[in-house]
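Please keep the picture in view while I talk.

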Amino acid sequence: MSQKTLTDDPRTGTGAAAHDASPRRWWILAVIAVAQLMVVLDATIVNIALPSAQRDLGFSDGNRQWIVTAYALAFASLLLLGGRIADLFGRKPAFLVGVVGFAGASALGGAANGFTMLVTARALQGAFGALLAPAALSLLNTTFTDARERARAFSVYGAIAGAGGAVGLLLGGLLTDALDWRWTLYVNVAIAVIAFAGGWILLGNHRDASHAKLDVPGTVLVAAGLFSVVYGFSNAESHHWHSPLTWGFLLAGALLLAAFAWWQTRAAHPLLPLRILLDRDRSASFLAVLITGAGMFGVFLFLTYYLQLNLGFSPTKTGVAFLPMVGALMVAAQLGTTLLVPRLGPKTVIPLGFAIAMAGMAWLTGIDLGSHYSAAVLPQLIVTGFGLGLVMPPAMQLATGGVAAEDAGVASASVNAMQQVGGSVGTALLNTLATSAATHYVAGRDATSKLVQAQATIESYTTAFWWSAGFFAAGTVLAFLLYRRGVPRQDAGAATVVHM
């Protein structure tokens with residue numbers, strides 16, 4: 001394996017030796033896409049199977065949330081550590097270990113004979129996912145050096161990151177209906193075989209930060225801080241906001257993350273070099289990914305309930321119902337990253353995407369007990385998916401572009417952390433607000449009436465959709481204010497390291 005230092009062409013923003021890029025780069029993209037799909041799927045694929053798993057293993061409603069939360073806690077709290085490990089010890093071994101570990105944890109979960117075994121497997125999935133996800137994204141970032149090819153590659157990656165949740169719902173429904181809930185976990189073993197074989201054959205390895213050392217105090221602070229934040233928001237669903245288990249962990253998380261930021265200014269080998277956050281476009285992109293993660297749960301979570309409980313869709317039919325949104329998102333991802341952002345810049349495109357997604361979510365609040373999918377759900381999903389496709393892939397590309405090679409892993413981990421924390425925050429906030437809306441609607445009415453109960457459920461869904469629209473509205477304003485004007489370009493004197 002060789003190493004070349006390229007100087008960017010100031011006129012095009014591309015490497016002067018871009019033609020020397022790996023001839024296997026598109027195959028590498030396919031391998032990375034398969035691995036990323038495996039990680040993203042598990043945020044939702046198990047959700048549809050939860051009722052079946054609960055009946056089979058006999059755990060309580062109170063414990064049910066931990067099947068989802070255990071994955072989110074481990075994934076979010078260990079992401080920055082996983083990204084730094086990839087930088088320090090090499091992206092290829094980090095990728096391969098992450099794939100094997102994720103597959104092993106999935107097999108353990110599929111064979112679970114009780115609640116404890118299943119929760120342990122989900123936590124292990126999250127831990128190995130925290131190693132795999134940043135390694136995959138940083139491999140993508142360092143494999144594609146030509147600006148146009150890089151944009152095309154990120155449109156694929158970003159579309160998977162944005163649409164993977166909906167694909168997970170579809171696959172989860174198909175596997176649960178056709179086979180058994182355990183296959184929502186076993187399927188990862190088959191995916192992992194493809195990803196591992198491709199990674200072993202195609203990937204080269206280089207340790208861009210091999211001279212550095214692991215920042216142990218920073219690792220402990222950020223892991224504990226992110227764990228506390230995600231755990232606190234998760235507790236809001238079951239213990240409410242006034243519980244010490246909610247606000248206490250949120251306060252502790254904020255203090256730990258503040259201490260982490262302070263330590264990063266003094267550490268000799270910081271886990272998250274603050275130079276990564278100082279770029280204005282990159283910081284705006286991190287925030288855009290965070291907001292998108294929070295708002296998307298208004299689509300996936302509550303619309304899943306509406307389609308199954310109110311419209312009577314099966315798990316498989318529910319997953320199929322999300323496919324038009326996935327298609328719109330992928331079309332917009334390609335359009336945004338390869339055409340619009342290079343011509344108009346992120347200050348125009350990303351706020352536009354947020355505004356379109358906001359309109360789609362606001363339109364979705366028109367559902368009622370007598371609504372039909374074709375009129376009250378399908379057009380709204382297409383609009384929302386198109387808007388999100390203009391936000392997520394360009395934001396992920398800008399968040400990881402232009403960083404030094406030795407920081408690629410931790411920058412990639414930061415993007416994944418923003419998405420995961422955003423999703424956790426969105427889940428807690430929207431669930432709490434939806435429950436309050438349903439309770440408020442029932443107050444003063446006949447709570448035993450099935451019609452009142454059904455209408456209260458609709459009220460909870462529409463409240464969540466309105467708040468999701470609000471998140472996207474905030475994203476519209478913040479993206480417009482924070483992104484620089486013009487087309488983003490790398491510094492003319494910046495050096496990009498390419499490995500072949």
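This is a predicted model: local features need pLDDT of at least 70, side-chain atom pairs count only at pLDDT 80 or more; totals for chains, interfaces and linings use all residues.

Let me start with Gln-264, which lies in helix α9, residues 244-264, where helices are DSSP runs of H or I with at least four residues, strands are runs of E with at least two, and both are numbered from the N terminus. Gln-264 has 5% relative accessibility and therefore counts as buried, a word that means under 20% relative accessible area, while exposed means over 50% and partly exposed is in between, with a 1.4 Å probe and protein chains only. Leaving aside residues up to four places away in sequence, Gln-264 touches Asp-215, Gly-218, Pro-270, Leu-271, Leu-272, Pro-273 and Leu-274, and contact here means heavy atoms within 4.5 Å.

Residues are numbered from 1 along each chain as its sequence is written, and side-chain values use heavy atoms, with hydrogens and water left out.

For the chain as a whole, there are 18 helices and two strands, and buried residues make up 57% of the 500 residues. Of the contacts with a separation of 6 or more, 84% are between residues 24 or more positions apart.

Arg-24 counts as partly exposed because its relative accessibility is 36%. Although Arg-24 and Leu-202 are 178 residues apart in sequence, their C-alpha atoms are 7.0 Å apart in space, and Arg-24 touches both Ile-201 and Leu-202, not counting residues up to four places away in sequence.

That brings us to helix α7, residues 183-202, whose 20 residues should span 28 Å at 1.5 Å a residue, and whose end C-alpha atoms are 29 Å apart, which agrees; the expected span is 1.5 Å times one less than the number of residues. Among the buried residues of α7 are Asn-188, Ile-191, Ala-192 and Ala-195.

How do α1 and α7 pack? Helix α1, residues 25-41, meets α7 at an angle of about 150°, with the axes 9 Å apart, so α1 is roughly antiparallel to α7. Axes are lines fitted to C-alpha atoms, for helices over the stretch in contact, and angles run from 0 to 180 degrees between N-to-C directions; under 35 degrees counts as roughly parallel, over 145 as roughly antiparallel, 65 to 115 as roughly perpendicular, and the rest as oblique. The α1 side of this contact includes Trp-27, Ile-28 and Met-38, and the α7 side includes Gly-198, Gly-199 and Leu-202.

Val-383 touches Ile-356, Gly-360 and Trp-363, not counting residues up to four places away in sequence.
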